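Open the model in your viewer and keep the selection panel at hand. The tour goes from a pair of side chains to an interface, then to a pair of helices.

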Amino acid sequence: MNASLALKWVDVGAAVDVPYQGARRVDTDLGAIAVFRTVDNEYYAVMDKCPHKGGPLSEGIVHGRHIACPLHNWSFSLQTGEAVGADAGKGCTPTVPLRIENARILLGLR
Amino acid sequence: MAFNLDTPPKPRIVVIGAGMAGGRIVEEILKRANPSEGGRMFDISIIGAEACATYDRIQLSPVLAGEKTFEQIVTHSQDWYDLNGVKTHFGCWVQGIDREAKQVMLHDGQTIGYDYLILATGSDPIRLPLPGADLSGVVAFRDLHDVDLMQKAAAHASKKGGGEAVVIGGGLLGLEAAYGLARRGMKATVVHLVDVLMERQLDEAAGRLLEKALAERGVSAVLNAQSEAIVGETHVEGLKLKDGRVIPASLLVMAVGIRPHVEPAKSAGLTVERGIVVDDQMRTDDPFIFAVGECVQHRGQCYGLVAPIWDMCRTLADVLTGRNPDAAYLGSELATRLKVSGVDLYSAGQFNGGEGCEDIVFRDPARGVYKRIVIKDNQLVGAVLFGEAADGGWYFDLIKKGESIGDIRDTLIFGQAVTEALAGVDPNAAVAAWPDDTEVCGCNGVSKGTVVEAICGGADNLDKVRGCTKASASCGSCTGIVEQLLKVTLGDAFKAQTGPKPMCKCTEHGHAVVRKTIVEQELKTIPDVMQAMKWTTPDGCSSCRPALNYYLLCAWPREYQDDPRSRFVNERNHANIQKDGTYSVVPRMWGGVTTAKELRAIADVCDKYEVPMVKVTGGQRLDLFGIKKQDLPAVWADLNAAGMVSGHAYAKALRTVKTCVGSEWCRFGTQDSTGLGIKLEQDTWGSWMPHKFKMAVSGCPRNCAEATIKDFGVICVDSGYELHVGGNAGIHLRGTDLLCKVATEAEAREYSMAFVQFYREDAWYLERTAPWIERVGLEAIKAKMFDADERKALSGRFLESQAVFQVDPWAEHAPKSEPAQVFSPLADLRSEKKEIAR
């Protein structure tokens, strides 16, 4: 039972397969996860669903450490998942633990 | 050896490795020795594999470049060791360590006993296992031997007119190697896996500046390039990349990184992970064995820079000599300075901070200066400096101290001198205290007195000051000071001059200024624009980036490289995203005309990909809804195979030309409106625009094609063609204005292209023709259109652009396997999870 609460690090692919200032989707039974790579070569993962109208965040424009939803241009922090800017405080997409090891992307799943 | 009972034997320290860490630890221990004990506490021996004394490895770059000699970089010579009574075993390597007997065995059979052993074995260069890696002429860049090989290769090549060198790796080491080879007359190319040089130390903007600075020094960079094989018979002849390109080279340097050299430690049974694991006192899991330098793994971290080595050596020397038995090494902050002459570059700390970090960016294009500092919890945590790196050490100091920078935050980006001068002082007050003859604007030689005089004389905003004094009218770097003078002089009467509305929060400039600057300063990439126009964010936002991408593409159709990362999803995926995340696809139907073959192909696609809905659009095309992203490439491929191209129904581009049937079938039709519509669509399809753009051709004034609510509409009449512009059926309905009447189809087509081009060049991004015409006025448009030279020039530029952009994006993408992969998920864990559940 405790084991199910512990993070399980799952290799989802090579770090280079996520384009700079871009994203890739990882499908899971809990819903899709969006894996992002920023202009500074940082990686983040959040649930791929805008809390506003469910837009696929993985299709948005990555700017700094933010993602703009492709449907209605809400912006979210990739670090906290919180909406920022004009829509701050209105919603949050859950973040997913991520680490890079040996140029592979590992997601922390439960 | 006879023991003298008066002087008991001293503890023996053996150091394995005579590189920078080995030399330094010996020196630190000696420094702490008590002179009253005859200057020495220990008997020290040092073992080094290279047959020479200790030298400063990071100075190998200047040696390669011919800017220093080897003698100049020696830190601890044989004489120095002799003088300090250190026994040296140079040119020797360790065969094994007997921890039981506390002995080190050398390759030549000698054994050396120790009381304390210090491993300073450093690291090895990583060699990529590429085919051809064993060819002669393939070297690493790590030690004197490598430098020697590279120098010889360069000298040999220079006899044959220079020669070509390829360096794999665009990090610090690779760039320095390439620069050194370029200095020695070779044509040097750096091949780098990602699209920014030194991406671990630099952000994209600084990376681009570096690329430029290196290009000026004869080093070109091939970015985003994966090496596949080194080609050649016995000697290297070139590097083959994954994309098929072959870069010729008579010398190939691998500078892709280093790996701790842990062999002796491993075979001695010490705990080794990535490096030799040590505690905060540099102790391995054997209490008599320590390790320092690049071979070490401390708190999970391995270091490849020099500063941590010094920190480690100081700690270990404190511990061993008893100067401070509780000394502890807690890890190091890192800073890097690039050693390429004339390129001032400094990077320190976490420039890509993490949660809660804020950036302050400063750009001064006139001086080629870019600075970015990163602040977290009111502390400085990182800095990247390009072009002016003198303050690097000061920033690094602030990073290490970790004190609150709240008081100096406003001026921090301007560096030490400004910050300290203004510390605790109201910046306005400081400016107010300046004498009148202080120069404010360096570009135009304007003094404070002149500016204040102008302000008192009625110049109550920035533009007016610029107008009458020229201050801040050139490079603009003194704008802040002029504004301060306005505040000081006018007091409350001053309102910050805002000018036209900025494009977005990343810049103070409006669209018009940005467009003008791009053309005038010949800016050709997004980072260039951001640099030159002092963007305040590292890479803009979702609002300015698509606009910049469009402006650049419009200004430089031949040279600009489109940036898909700065395009809205629809244009990236060449389909319309719908509310559920699926896409709709619209094949082009020229003038709204189709054939049985096309309809059959569309029907087949609908069956094959289970398209849930097909709908006729307002623009007389068929829209296929509900297509999954991963199916897009296959859908396009099938439509392409049937001869259809993208309808661009998703794009800020020419969308459709709606037609009626005109004179061919209609009893009222006066001209061949369908035929003209097809021609107009074939002229203009594929052209990117500030916003979506629609056209229509009606065959008679009954206007069945609804041409008077289009961006460009044609009404055919008996005597020719009425041209209408600026209609919009969107949120704000606007009927067209009549532009003019022309007699021939050819004229109608030329006018349409000229109008489109004027709109493309003049409107702001996301401004449709209707608001654009209301902003610039119909008369201004008529003036352009009716001047035959202007009209021809405009349509000429349009055709020039079309020669580049009139390509079908589906055909570009559908057949390539790589983008197709990008269209599918990175991973699908769903089935895996189900299996686990079972």
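Select A:E59 and B:R572. In this predicted model, their side chains meet in a salt bridge, with an N to O distance of 3.9 Å. The cut-off for such a pair is 4 Å. Across the interface of chain B and chain A, the rule finds 4 salt bridges.

Now widen the selection to the whole interface. Chain B brings 46 residues to the contact, and chain A brings 37. Between them, the two chains bury about 3500 Å². Carbon and sulfur atoms carry 51% of that area. Next, pick B:S542, B:L826 and B:L829. In chain B, these lose the most area to chain A. Together they account for 20% of what that side buries.

The crossing of α21(B) past α22(B) is right-handed.

Finally, show the side chains where these helices touch. From α21(B), pick B:I602, B:V605 and B:K608. From α22(B), pick B:V635, B:D638 and B:L639. Which classes do the residues of this contact fall into? There are 4 nonpolar and 2 charged residues, and no polar ones.

Terms used
Residues numbered from 1 in each chain as written. Chains lettered and ligands numbered in written order. Predicted model: local features only at pLDDT ≥ 70, side-chain atom pairs only at ≥ 80, totals over all residues. Heavy atoms only, no water. Left-handed = near helix turned anticlockwise from the far one by under 90°. Helix = DSSP H or I, 4+ residues; strand = E, 2+ residues; numbered from the N terminus. Contact = heavy atoms within 4.5 Å. Nonpolar A, V, L, I, M, F, W, Y, C, P; charged D, E, K, R; others polar. Buried area = accessible area lost by both parts, 1.4 Å probe.
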